[in-house]
Every structure is written in C-alpha cells, then in structure tokens.
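These are my notebook entries on one structure, written down in the order in which I looked things up.

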Amino acid sequence: STKQAVTVIGLGPMGQAMARAFLDAGHAVTVWNRTASRADALVAGGAVLANSVEDAVKTNELVILSLTDYEAMYKVLEPATGALAGRVIVNLSSDTPEKTRAGARWIAEHGGIHITGGVTVPPSGIGNRESYTFYSGPREAFDRHRETLETLTTTDYRGEEPGLAALMYQIGMVMFWTSMLSYWQAVALADANGLKAEDIMPHANQTMAAMPNFIEFYTKRIDAGDHGGDVDRLAMGMASVEHVLHTNADAGVDTALPAAVADLFRRGMDAGHEADSFSSLVELLKKK
Ligand code: NDP
C-alpha cells in the first residue's frame, strides 16, 4: 500500500475511532495505550500494539495523540523524549490555547514538530466528510500530512501559531455548553409543568434552528460596531428575560441560569444601553 503508516497513542473512544478509520482506509497503524487491553479490538482488526511508548513513537514519523488533556501527554511521552526528534506529533487532545502553546514548546525542545488539533465531533463523526477538525502549527509539516489527516475528518488549518486550533475549539465549546445548558433548563421547566422532553422536542429544535439566522444577522453589525436598536432594544429584552426568570421561579425550578442572564441584561441597562440592540451586551463581555 502507498498509504502512510501512522501511530495512534491514546485509545479512549476517540483514539479507537481514529485508529479504526486509518485501518479502514488501508493505513498501517501502530497503537499504544496506558491500559493495553483497550487495543484488543484494534489488534484483531490489523493494528500493531507497540511494546512501549518509545517503540510507538519510533515506528512512524506521524504520531497522533488522543489523550484526556495535555497533562496526559507529558505523562505518556516523558519516557520517550529521546525518540521525539524528527517526529510530527499531531495532538488531538483538547486543552486551553495556553496549554497547547506550552505543549508545542516542549515537543520542539525535544526536536519534534507539534501540530495542535481541535476535533469538533464525537467519535461517531470520525471518518465522515462533513466533520471538521481545526489545526495549527508549522505549515510545511501540516501540508505534508494533510492527506492522511483527512482520513479522520476534513481539515481546517488556522495558521502557524500553535494555540489557534485550540482557540477555535474553545470558541465552539463555550457555545456548546451554554446552549445545551439552556436546553436542560427548558427540560426542567417543562417537567415542572408535566411535560416530557419529547413533548417539547419540535419546539426546542425549531428554536435552536433559528440561531444561524441571528448569528448571520448580527455578524456584520458587530464587526462594524453597530448596536443600532432599530430591530430589537435591550429594554425589550430586559422585560422578556424577567418573564423568563419569573416563569422559572414560579415553577419552582432552579433559577441560577436565568438569573445570570437577567443580571447581564441589568448591567447593560445600567450602562445606558436600553435603547441599543441587545448585541450591545457584547461590549460588557469584552476584554477591558
Ligand atoms: P478519554 O478521556 O476517554 O481518553 C483518554 C485517553 O487518555 C485514554 O487512552 C487514557 O488512557 C489516556 N490517559 C488519560 N490520562 C492519562 C495519563 N495520565 N497517562 C496515560 N494515559 C492517560 O477521552 P476520549 O477518547 O473521549 O477523547 C480524547 C480527546 O479527544 C480528549 O481531549 C477529548 O476532549 C477530545 N474530544 C473528545 C470528544 C468526544 O466526544 N469523546 C469530542 C471532541 C474532542 P487509559 O485508557 O489507560 O485510561
């Protein structure tokens, strides 16, 4: 086969899906995991389990890491630092941009090349062309391995600065966690009123499906610094957010989330934005 051989270190649900995708695409795959038994199904499917992490790194130029975080990378690679020279370490573990920058420096200190990745899909999305992963780091090394990395998901290269991929990942995650929390709140409110999650599903989905329209509408205005109140006014939003807070309080459900939202709107009002769009809240949130 002319397919590039790869090493995958870290065989949680994500690393297993990645190793499987490489095998399915005809790549020779070497694997290593702290808990060796997690490699069993992959070995049965044709992967080679390395005897040591050092052997796993020595076997292939391209080494994929799929670990819980960057702390785990130091734990795992500490005994193999002598093998890192000339290796391209594609770290698909999540962490903060700061942690990924420090990790990239550490790999470079040992003569390796570090490429940061931010995977935006669950394991079931690996091997799907509609999935995408952010990458950042040395361009030449990324370009050389892009085709192989495309076996996992499509690639979105953000630039040389190592933290960029992690930053894009975290930008998505702040939206993911808060959006899903808003859904748990809606489920709790529904439950207090005798409704099941299933009873609110079409409405919940419609509400979320409208979000891209709002994002597209506000994108141009925000970048132009335009918080014009011609479409929506913060004062209107404040009244609505108080209705939300009181509806939840009346139902006896937890109000931490709607109270936090009302608090931000109140601060916007106090800052004199009542006649501006509620997008003016972004000015409160920005770095001062
Ligand atoms: P897991 O946390 O299940 O995988 C953990 C892997 O890291 C295992 O191989 C585990 O080894 C290893 N590990 C953790 N700590 C150590 C340590 N101290 N020393 C040695 N090995 C260690 O994560 P996933 O497989 O679900 O995800 C991997 C990465 O992908 C994470 O960074 C996650 O944020 C990211 N990701 C995951 C998504 C998902 O839906 N799962 C979605 C997008 C990104 P062992 O088996 O021995 O415990």
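Before I list any neighbours, I note that contact here means heavy atoms within 4.5 Å. I also keep in mind that I am reading a predicted model.

**Entry on Thr-148**

I looked up Thr-148 and found that it lies in helix H6, which covers residues 139-149. Leaving out residues up to four places away in sequence, I found Thr-148 touching Gln-4, Val-6, Phe-22, His-27 and Leu-62. Is Thr-148 buried or exposed? Its relative accessible area is 7%, and because buried means under 20%, I wrote down Thr-148 as buried.

**Entry on Asn-91**

Next I turned to Asn-91, which I found in strand E5, residues 88-91. Asn-91 has a relative accessible area of 0% and is therefore buried. I then asked which residues Asn-91 is in contact with, once its neighbours within four places in sequence are left aside. The list I got is Leu-65, Tyr-70, Met-73, His-114, Ile-115, Thr-116 and Gly-117. I also checked Asn-91 against Ile-64: the two are 27 residues apart in sequence, and their C-alpha atoms are 6.0 Å apart in space.

**Entry on helix H4**

Helix H4 runs over residues 70-77 and is mostly covered, with 6 of its 8 residues buried. At the start of H4, I found a side-chain oxygen of Asp-69 within 3.3 Å of the backbone nitrogen of Glu-71.

**Entry on the ligand**

H4 came up again when I looked at the ligand, where this helix gives 3 residues, the largest share of the shell. Of the 23 residues around the ligand, those that come nearest are Asn-33, Thr-35, Arg-38, Leu-67 and Ser-94. By type, the shell divides into 12 nonpolar, 8 polar and 3 charged residues.

How much of the ligand does the protein bury? Taken alone, the ligand exposes 900 Å², and the protein buries 76% of that. The elements that give two or more residues to the shell are helix H1 (13-24) and H4.

**Entry on aromatic pairs**

Lastly I looked up the aromatic rings, whose count comes to 9 pairs when ring centres have to lie within 6.5 Å. One of them joins Tyr-183 and Trp-184, a tilted pair with 5.2 Å from centre to centre and 45 degrees between the planes. Tyr-183 is partly exposed at 23% relative accessible area, and Trp-184 is partly exposed at 49%.

Another pair, Phe-217 with Tyr-218, is edge-to-face, at 5.0 Å centre to centre and 80 degrees between the planes. Phe-217 counts as partly exposed at 35% relative accessibility, whereas Tyr-218, at 11%, counts as buried.

Methods: Residues numbered from 1 in each chain as written. Predicted model: local features only at pLDDT ≥ 70, side-chain atom pairs only at ≥ 80, totals over all residues. Heavy atoms only, no water. Buried < 20%, exposed > 50% of the residue type's maximum accessible area, 1.4 Å probe, protein only. Helix = DSSP H or I, 4+ residues; strand = E, 2+ residues; numbered from the N terminus. Polar contact = N/O pair within 3.5 Å; in protein donor to acceptor, adjacent residues only side chain to side chain. Phe/Tyr/Trp six-rings, centres within 6.5 Å; stacked < 30°, edge-to-face > 60°. Near = heavy atom within 4 Å. Areas by Shrake-Rupley, 256 points an atom, 1.4 Å probe, with all protein chains shown as cover. Nonpolar A, V, L, I, M, F, W, Y, C, P; charged D, E, K, R; others polar.
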